[in-house]
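Good morning, and thank you for joining. Please keep the display in view as I speak.

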Amino acid sequence: MRSFTNVEVIPNNVPVDLGPARLGVGWVAPGPPVSAEIIVMPTSGPDSYDVVVNLSETFPVGEEVWRFADVNFDNANQWQVTVRRVDADEPQDPPRGYVWDPARLNPYGRLGEEQLASVEAALGQDLPPRYRRWLARNNGASPAVEHHGAGLPFRLLPETPLLGVHPRHPAIDLVAAQELHRDRWLSREYLVIAVPSGGLLAVKVNHPYGDAVWFLPEDDRWAPTASAGAADREQRLVYLAQDISHFIGRMQPVPAAPSEKIAASDSTDLNWWEQP
């Protein structure tokens, strides 16, 4: 028989077995306050239920009481929640994990179906579905400050935003960017969605890997020669994320460190980027 511990770490999308129940985590928001949806799946008896708790608060698991003890964010979409069984001698250590400082982007507005159809007509191709929904809600977005992502070889600046539909401003216009940047370097299998420092940001249009976000580094635009074809450059694309929202989840403001201590975080100006 398994010996159950008093502490468990729950990765996102991976439930753990506590004995009287299995626990999963639906979401975690960095707050403040840091909060999470805990899903309790009893081994026997009543149906599953969920509770929303703030960091350090307790919740029932059958006849036991457990605490949302800590959390570590790798990025906005990847995290590990620590829960601890509450006993009389439970240590009251403060949280030591890291909270994610989410991207602070300023959307340009919204686009209606007629505008989206007009863009697709001008492009001569359909937009990938998840990117299309994001574009409809935001019409591109400008970073409030310089942004970076851990391990990513580029930065997004207020002057190099995520592109939208701005025909009077070609430098930030999605349609104009394809002629200016995409058609010289890549095939129509990709759509350039930003021109950050260091290269091109693109979304895959069709399956397989439709909606995935890729990066073409500046050096690889010219390699092995300036006359190389799009197929060669596309072999050099760097995969970033499964879609635009997961890509945004990897970005955060500069000069903020990749993460900041939860226990020390008392800021009230953190904005949680809306997911689709």
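Let me begin with helix 1 and helix 2, whose crossing is right-handed. By that term I mean that the near helix is turned clockwise from the far one by less than a right angle, anticlockwise being left-handed. Helices here are DSSP runs of H or I with at least four residues, strands are runs of E with at least two, and both are numbered from the N terminus. The contact is made by Glu113, Leu116, Ala117 and Glu120 on the side of helix 1, and by Arg132, Leu135 and Ala136 on the side of helix 2. Contact means heavy atoms within 4.5 Å.

Before going further, a word on the source: this is a predicted model, in which local features need pLDDT of at least 70 and side-chain atom pairs count only at pLDDT 80 or more, while totals for chains, interfaces and linings use all residues. Residues are numbered from 1 along each chain as its sequence is written, and side-chain values use heavy atoms, with hydrogens and water left out.

To return to the pair, the axes of helix 1 and helix 2 come within 10 Å and cross at roughly 125°. That makes helix 1 oblique to helix 2. The axes are lines fitted to C-alpha atoms, for helices over the stretch in contact, and the angles run from 0 to 180 degrees between N-to-C directions. Angles under 35 degrees count as roughly parallel, over 145 as roughly antiparallel, 65 to 115 as roughly perpendicular, and the rest as oblique.

How do helix 1 and helix 3 pack? Their angle is about 15°, with the axes 9 Å apart, and the two helices are therefore roughly parallel to each other. The contact is made by Val119, Ala122 and Leu123 of helix 1 with Leu174, Val175 and Gln178 of helix 3. Helix 1 passes helix 3 in a right-handed crossing.

Now the wider chain. It holds 6 helices and 18 strands, and buried residues make up 48% of its 276 residues. Buried means under 20% relative accessible area, exposed over 50%, and partly exposed in between, with a 1.4 Å probe and protein chains only. Among contacts between residues at least 6 apart in sequence, 54% join residues at least 24 apart.

Which residues touch the most other members of the largest nonpolar core? Within this core of 34 residues they are Tyr131, Leu162, Leu174, Leu201 and Phe247. The elements that give two or more residues to the core include helix 1, helix 3, strand 13 and strand 14, and helix 2 gives the most, with 4 residues. Apart from this core lies another, of 26 residues, among them Leu18, Val34, Val71 and Phe73. A nonpolar core is a set of buried Ala, Val, Leu, Ile, Met, Phe, Trp, Tyr and Cys residues joined through side-chain atoms within 4.5 Å. Leaving aside neighbours within four places in sequence, Tyr131 is in contact with residues including Leu174, Leu191, Ile193 and Val203.

Strand 13 (residues 190-194) has 5 of its 5 residues buried, so it is largely enclosed by the rest of the structure. Strand 13 pairs with strand 14 (residues 199-204) in the antiparallel sense over 4 bridges; pairing requires that DSSP finds at least two bridges between the strands. Tyr190 stands opposite Lys204 of strand 14. The two strands form a hairpin with 4 residues between them, and Gly198 in the turn has a positive phi of about 95°.

The loop between strand 14 and strand 15 contains Pro208, and the peptide bond from His207 to Pro208 is cis, with omega near 0°. Tyr209 is found in that loop too. Phi of Tyr209 is near 70°, a positive value in a residue other than glycine, and Tyr209 is exposed, with a relative accessible area of 59%.

Finally, two buried loop residues. Asn139 lies in the loop between helix 2 and strand 11 and is buried at 7%.
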